[in-house]
Amino acid sequence: MKEFFMEEALKEAKKAFDIKEIPIGAVIVRHNEIIARGHNLRESTKDPTAHAEIIAIRRASEALGGWRLTNCDLYVTIEPCPMCAGAIVMARISRLFIGSMDPKGGAAGSLYNIVDDSRLNHRTEIIYNVLSDKCSGIMKEFFKKLRER
């Protein structure tokens, strides 16, 4: 099941890729149903907070009519940054499924581990390396094409 939902997050990453955004995608799942989707839109919206995870969290909150996303899982193609990791904690997301790690900016195990910090009021379970090759592959392809331009 986790591979199916990560494939859906990859579809979101492809949408970002197609509009020349860094190709990161996210989906939020509750009771085995996707309730929200998001992909990076920072360049398009000129908004530094328009990350895939933030967009998906906002949409899930709208769908559920509240900010507490308990019993929800977030699937994201690349390890969340500190801002997104903080939002995951604040939203009370139960589980985080990560496609590929981000050793230069990740905050769910690489540089920091905000989502599983015992000093915070909520901890999120993390499942690593779901379709890792596909998730890192789309990023590599994006930056290769960017360098060619």
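User: Which residues does E8 touch, leaving out those up to four places away in sequence?

Analyst: With those set aside, E8 touches V27, I34 and R37. Keep in mind as we go that this is a predicted model.

User: Thanks. Where is E8 found, and is E8 buried or exposed?

Analyst: E8 is found in helix α1, which covers residues 2-18. E8 counts as buried because its relative accessible area is 8%, and the cut-off for buried is under 20%.

User: Let's move to the hydrophobic part. How many residues are in the largest nonpolar core, and which have the most contacts inside it?

Analyst: That core has 29 residues, and the ones with the most contacts inside it are I28, I57, L69, I93, L96 and V115.

User: Which elements give two or more residues to it?

Analyst: Those are the strands β1 (25-30), β3 (72-78) and β4 (95-100), along with the helices α3 (52-64) and α4 (82-90).

User: And what other core lies apart from that one?

Analyst: There is another core of 15 residues, with F5, M6, A9 and V27 among them.

User: How do the lining residues divide into nonpolar, polar and charged?

Analyst: You have 8 nonpolar, 5 polar and 5 charged residues there.

User: Which helix gives the largest share of that lining?

Analyst: That is α5, residues 132-148, with 4 residues.

User: Now backbone angles. Which residues have a positive phi although they are not glycine?

Analyst: N32 has a positive phi of about 60°, and N129 also has a positive phi of about 60°. N32 is in the loop between β1 and β2 (33-39), while N129 is in the loop between β5 (125-127) and α5.

User: Is N32 buried or exposed?

Analyst: N32 is exposed, because its relative accessible area is 55% and exposed means over 50%.

User: Last one: what does UniProt list for residues 1-111?

Analyst: An unreviewed UniProt entry lists them as "domain: CMP/dCMP-type deaminase". In the model, that span is 39% helix and 23% strand, and its end C-alpha atoms lie 28 Å apart.

Conventions:
Residues numbered from 1 in each chain as written. Predicted model: local features only at pLDDT ≥ 70, side-chain atom pairs only at ≥ 80, totals over all residues. Heavy atoms only, no water. Core = buried A, V, L, I, M, F, W, Y, C linked by side-chain atoms within 4.5 Å. Buried < 20%, exposed > 50% of the residue type's maximum accessible area, 1.4 Å probe, protein only. Nonpolar A, V, L, I, M, F, W, Y, C, P; charged D, E, K, R; others polar. UniProt positions renumbered as here; feature names shortened; annotations may be inferred. Contact = heavy atoms within 4.5 Å.
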